[in-house]
Amino acid sequence: MLKKANRIEPGSQQERSLKKHNPWIICTCSRQCYITLITGCYTCEWQIKQEKKSRPGPCCCSGKEKIFFPFLIISFLLSVVLLFVWIETSNEYFGFDWVIFLGTGYWFFWSIVLLSLFGILTAYSSLLVVLAFLLVWEGYELYLHWCHKILILLMILLCSFVLWILCQLWQERWLTAGLSLQIFAPYMHLSGITVMVILSWPVAFYLIHLEEEVRMRRYKMMYDRETAKGCNILTKLRALQVAIGLPFFLILLCLYIVPLGIHSPCIQEEDKLGPKPDFFGHRGAPMLGPENTMMSFEKAVEQGAYGLESDVQLSYDQVPFLMHDNDLRRTTNIRNVQPNASIIHSSFFLWSFLSTLNAGKWFVQSQFKPFYHMKPLSRADREKAENQRIPKLTDLLELAQKEKKIVIFDLNTPPRKHPLRHTYIRHVVSVILASKIEQHLIFWLPSFDRQYVQSRAPGFQQVGQLFSIERLTKENISRINVDYKRLFYKGLKDYKAANININLYVVNEPWLYSLAWCSRIHSVTTDNIQTLSQLNHPYFFMTPGYYMFMWLLMDSVSAVLIFAIFYFHWWRESKKEMFNNSIHTDLRSLSLQQREHGSQDSTNLPIKPSFRVLGNPWALSAFYPALTKSTKKQPGSCHFLVVPKKKSSEPEQVKETIKPLRPSKDDVRQPPPTEKTFEPTWDAPREATLETALPSLKVNKPTISSLEIAQSKTEPEKTSTFESSQQYSFSVFSTISSMFSYELTSKKN
């Protein structure tokens with residue numbers, strides 16, 4: 001009868017004892033959950049099927065999966081490239097959001113939305129790649145669910161479309177990515193070596209495993225007649241080794257020698273580092289106050305700005321005022337005052353109307369916040385911002401004259417039908433001269449009608465753009481104002497060699513400012529003056545000697561670690577191979593010994609000392625033919641064999657065809673007199689007990705021929721098939737053999 005199992009209470013002494021003496025149960029449960037998790041996430045099948053196990057060989061998936069797997073890799077690479085480009089171009093987020101605002105009329109952080117989207121796509125594709133690697137590692141066949149396949153195809157289309165847009169409309173963003181590589185290349189090199197060391201573990205494991213598979217295939221070909229098929233498999237295995245190992249070592253070699261081609265401005269001697277670049281407050285300090293307002297310019301002065309940058313428009317009654325956009329929707333309350341006139345060009349309004357508009361309430365509203373990482377305003381600054389108005393150009397000139405700050409501005413051309421359409425340059429020059437500001441404090445940027453400006457106001461410092469050096473020399477221009485992306489082209493060395501001062505716009509990220517500092521740039525225009533002004537030393541700066549030391553150290557340590565990892569895997573596989581060879585030798589010697597003693601009586605078979613086997617060479621079908629077909633295996637290192645009940649429909653011919661082993665008198669050979677035989681006492685109760693305990697031994701007792709056949713069939717099998725029931729097979733065979741010999745000896749006596 002079956003006994004009813006007692007329930008084990010959580011936290012009881014029985015549970016602690018179970019965990020202490022049976023740790024494999026906990027490991028089995030944890031592993032089963034782990035396999036279920038990775039299989040369910042990849043295939044969306046939460047029930048593990050044994051037939052999904054991949055067959056031994058060079059491939060781990062079906063033909064359809066082999067066709068689709070490159071699409072997964074392509075989606076991963078595209079998402080990584082897109083995420084990298086978008087992160088490195090964070091300096092352009094405001095410009096991107098502003099362009100979207102011009103088209104939609106609604107302000108939102110679209111750049112942050114795209115950043116989150118690209119991050120999610122990269123994480124999703126990376127997760128699928130990692131899951132595929134883990135499934136291959138565990139020996140399961142790859143089968144990606146159709147939902148994942150559809151999403152991957154959509155990812156490829158989306159990433160390709162966005163990259164095409166960037167190539168067509170924002171080609172200069174790739175220059176920003178190139179600048180980031182200039183400053184981050186040394187650190188990416190060191191990080192890449194670290195990643196290769198981590199990847200060397202699975203690569204070494206797989207390469208050594210494939211080498212072991214090749215050896216096992218060659219061993220099997222010694223007993224297999226299909227030599228051509230085996231050679232094809234060996235060729236595929238070798239090709240797979242080359243496909244995995246060759247790219248790994250080529251990339252590693254490139255990482256070892258890539259510092260020879262790295263040129264980073266931030267790798268230089270300390271004494272060659274130029275002075276810290278000056279700051280021009282872009283529209284003042286737009287992160288501390290509403291842009292192009294007096295509060296913003298005052299905040300820039302407080303942060304130590306060298307100059308103030310602004311944008312000048314002309315009202316319909318010829319009053320220069322400060323405004324960047326052509327309309328008033330974004331930075332004023334025109335929608336509340338005159339909703340129908342919100343899209344009209346600001347130059348068509350009179351100054352009497354413009355001076356009444358509020359230019360600061362939008363700044364304190366979260367939905368119109370211009371920068372995502374802005375710090376919250378204090379209560380006093382909040383109240384001051386809410387009361388800001390549109391300033392005139394003369395207001396800015398008065399502040400600059402008072403604080404002795406440089407003024408530089410973009411002068412927008414008035415629209416058609418404006419009274420100053422063709423004479424706006426001369427009108428603005430007359431306004432500046434009438435303000436009594438010192439002329440050397442004016443950096444004149446507009447290139448239109450420059451000769452008139454030089455003749456009317458010779459004290460103005462002329463600022464050019466990225467013109468040729470010959471033109472700059474001809475027009476007597478000693479300073480240029482260029483986009484920071486132009487720094488990618490040889491660092492503007494030709495202009496610095498010609499003693500031309502360079503101002504870069506718009507630099508907001510600390511790494512970009514550090515790159516400009518290391519490149520000996522004279523000044524930058526920035527929105528983030530409160531952060532950049534706190535830098536006392538450029539980021540990512542290192543001396544050539546220090547970088548060479550780190551380079552050689554990382555290369556040496558990584559080479560030693562990678563060699564140690566490969567040697568460890570080779571040593572472990574060699575140890576397994578030596579053990580497997582010893583097992584095969586024992587099996588062959590045992591077979592020869594059984595053939596030599598085949599002519600002797602079965603009762604005089606000596607009981608050999610127990611030996612250890614890796615697999616299950618002594619199949620239970622030799623002892624119980626009906627047992628192995630219905631054996632129930634439990635997960636884990638131990639297998640529980642359950643003997644099924646005898647069916648009523650089972651024919652009774654078994655007892656007739658398989659006769660019980662009864663040694664006759666003629667077959668029994670008496671032991672030599674010199675040996676001392678063991679004569680156990682046999683009594684009826686012991687015999688009854690044995691017959692009750694082993695009822696099937698009398699029916700299906702093994703013969704010598706069955707043992708030899710079972711062993712000869714299992715000799716050429718691979719060692720990999722032996723590793724499932726190592727300890728249990730030995731215990732079953734030794735126990736049955738001992739009982740069988742004991743019964744024969746007892747009955748003989």
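Which residues does glutamine 313 touch, not counting residues up to four places away in sequence? The legends below begin with this residue and then turn to other parts of this predicted model.

Figure 1. Beyond residues up to four places away in sequence, glutamine 313 touches Val319, Pro320, Phe321, Met323, His324, Asp325, Asn326, His345, Ser346, Ser347 and Asn412. The relative accessibility of glutamine 313 is 1% and buried means under 20%, so this residue counts as buried.

**Figure 2. The two sides of helix 13.** Helix 13 spans residues 393-403, and its buried residues are Leu393, Leu396, Leu397, Leu399 and Ala400. Because these residues cover an arc of only 160 degrees around the axis, they are on the same side of helix 13. An α-helix has 3.6 residues a turn, so residues three or four places apart point the same way. On the other side of helix 13, Glu398 and Lys402 are exposed. The elements that cover the buried residues include strand 2, the strand shown in Figure 1, together with helix 9 (294-302) and strand 3 (320-322). Strand 4 (406-411), helix 14 (424-434) and strand 5 (442-444) are also among the covering elements. Lysine 404 follows helix 13 and has a positive phi, near 60 degrees.

**Figure 3. Packing of helix 4 against helix 5.** Helix 4 consists of residues 93-104 and helix 5 of residues 110-138. The two helices pack at an angle of about 110 degrees, and their axes are 8 Å apart. Angles of 65 to 115 degrees count as roughly perpendicular, and helix 4 and helix 5 are therefore roughly perpendicular to each other. Helix 4 contributes Tyr93, Phe96, Asp97 and Ile100 to the contact, while helix 5 contributes Trp110, Ser111, Ile112, Leu114 and Leu115. By class, this contact has seven nonpolar residues, one polar residue and one charged residue.

**Figure 4. Serine 111 and valine 129, two residues of helix 5.** Is serine 111 buried or exposed? Serine 111 is buried, as its relative accessible area is 1%. Leaving aside neighbours within four places in sequence, serine 111 is in contact with Trp86, Tyr93, Phe96 and Asp97. Valine 129 also lies in helix 5. Valine 129 has a relative accessibility of 21% and therefore counts as partly exposed. Its contacts, not counting residues up to four places away in sequence, are Leu72, Ile73 and Phe76. Valine 129 and tyrosine 42 are 87 residues apart in sequence, and their C-alpha atoms are 9.4 Å apart in space.

Figure 5. Residues 239-258 are 95% helix and 0% strand, with end C-alpha atoms 28 Å apart.

**Figure 6. Tyrosine 567 and isoleucine 208.** Tyrosine 567 is found in helix 20, which runs over residues 544-596. With a relative accessible area of 45%, tyrosine 567 is partly exposed. How many residues apart in sequence are tyrosine 567 and isoleucine 208? They are 359 residues apart in sequence, and in space the distance from C-alpha to C-alpha is 9.6 Å.

Definitions and conventions. Residues are numbered from 1 along each chain as its sequence is written. This is a predicted model: local features need pLDDT of at least 70, side-chain atom pairs count only at pLDDT 80 or more; totals for chains, interfaces and linings use all residues. Side-chain values use heavy atoms; hydrogens and water are left out. Axes are lines fitted to C-alpha atoms, for helices over the stretch in contact, and angles run from 0 to 180 degrees between N-to-C directions. Helices (H or I, at least four residues) and strands (E, at least two) are DSSP runs, numbered from the N terminus. Angles under 35 degrees count as roughly parallel, over 145 as roughly antiparallel, 65 to 115 as roughly perpendicular and the rest as oblique. Contact means heavy atoms within 4.5 Å. Ala, Val, Leu, Ile, Met, Phe, Trp, Tyr, Cys and Pro count as nonpolar, Asp, Glu, Lys and Arg as charged, and the others, Gly among them, as polar. Buried means under 20% relative accessible area, exposed over 50%, partly exposed in between (1.4 Å probe, protein chains only). The arc is that of the directions from the helix axis to the C-beta atoms.
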